[in-house]
Amino acid sequence: GQQVMQIPQYQHVQEGEDFTTYCNSSTTLSNIQWYKQRPGGHPVFLIQLVKSGEVKKQKRLTFQFGEAKKNSSLHITATQTTDVGTYFCAGPGAGGTSYGKLTFGQGTILTVHP
Amino acid sequence: DGGITQSPKYLFRKEGQNVTLSCEQNLNHDAMYWYRQDPGQGLRLIYYSQIVNDFQKGDIAEGYSVSREKKESFPLTVTSAQKNPTAFYLCASSKLRGNTEAFFGQGTRLTVV
């Protein structure tokens with residue numbers, strides 16, 4: 001079945017350092033989504049990428065979708081303490097038995113030391 | 001206010017009892033999902049539904065059951081067959097096409113006592 005793998009599981013950085021998390025799917029995705037979950041909260045949508053090779057930016061965050069639509073990355077430049085949380089990628093299957101199945105990666109827990 | 005509502009926020013269950021977690025959305029979304037989250041872990045898909053009266057098993061469906069009798073509602077029953085039910089349960093909904101952003105409820109924290 002469809003699997004979405006995310007690395008690293010944990011990342012500890014000093015404030016001002018950069019951070020990257022990577023996401024790989026076992027099947028082609030119709031799109032890739034990224035979410036952030038603050039401690040004690042629920043996941044909140046950040047962005048959706050649809051096109052092969054797409055790159056989108058949100059202030060200090062840069063999102064990429066791979067050419068084969070099976071991998072993605074999230075890069076944060078110059079982290080701040082407000083970036084603390086767990087970052088998840090998620091992808092609905094593109095077809096077959098995985099169509100509409102929104103599978104999440106395991107998440108990357110980011111801690112930022114001031 | 002449009003959104004997705006889960007209730008209750010906290011739930012305590014005795015071993016051997018079935019419990020039902022509520023999830024309601026007024027976003028007119030076709031798709032609804034149930035996820036389980038254990039401490040420090042990711043979101044594991046329990047069940048999902050794309051249309052009324054139809055649903056599919058996710059990756060960890062054993063010990064759980066759902067129904068989708070109305071578009072707005074997707075209740076999850078945690079049965080006594082679920083051996084380790086203590087967890088944080090999240091319900092979500094989304095469109096099926098276009099912007100398929102998932103909207104999450106606040107979650108239900110279930111504890112077996």
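Which strands of chain A and chain B each supply at least two residues of the lining of the largest pocket? The legends below take up this and other close-up views of a predicted model. Residues are numbered from 1 along each chain as its sequence is written, and chains are lettered from A in the order in which they are written. In this predicted model, local features need pLDDT of at least 70, side-chain atom pairs count only at pLDDT 80 or more, and totals for chains, interfaces and linings use all residues, while side-chain values use heavy atoms, with hydrogens and water left out.

**View 1. The largest pocket has a volume of about 360 Å³.** Strand 9 (85-92) of chain A, strand 9 (87-94) of chain B and strand 11 (108-112) of chain B each supply at least two residues of its lining, and strand 11 of chain B gives the most, with three residues. Strands are DSSP runs of E with at least two residues, numbered from the N terminus. A pocket is an open set of points on a 1 Å grid over the protein atoms alone, where a 1.4 Å probe fits and protein lies on both sides within 12 Å along at least five of seven lines; lining residues have an atom within 4 Å of a point. The volume is the space filled by probe spheres set on the points, which are joined across faces, edges and corners. Of the 23 lining residues, A:Gln37, B:Gln37, B:Asp38, B:Pro39 and B:Gly40 lie nearest the centre of the largest pocket.

**View 2. The second largest pocket has a volume of about 310 Å³.** This pocket is lined by 20 residues, and those nearest its centre are A:Phe104, A:Gln106, B:Leu43, B:Arg44 and B:Asp59. Strand 1 (4-7) and strand 10 (102-104) of chain A, together with strand 4 (31-37) and strand 5 (43-51) of chain B, each supply at least two residues of the lining of the second largest pocket.

**View 3. Cis peptide bonds are found in both chain A and chain B.** In chain A the bond joins A:Ile7 and A:Pro8, with omega about -5°, and A:Pro8 is found in the loop between strand 1 and strand 2 (10-14) of chain A. In chain B the bond joins B:Ser7 and B:Pro8, with omega about -10°, and B:Pro8 is found in the loop between strand 1 (4-7) and strand 2 of chain B. Most peptide bonds are trans.

**View 4. A:Lys59 has a positive phi, near 50°, although this residue is not glycine.** A:Lys59 lies in the loop between strand 6 (55-58) and strand 7 (61-65) of chain A.

Note on methods
Helices (H or I, at least four residues) and strands (E, at least two) are DSSP runs, numbered from the N terminus.
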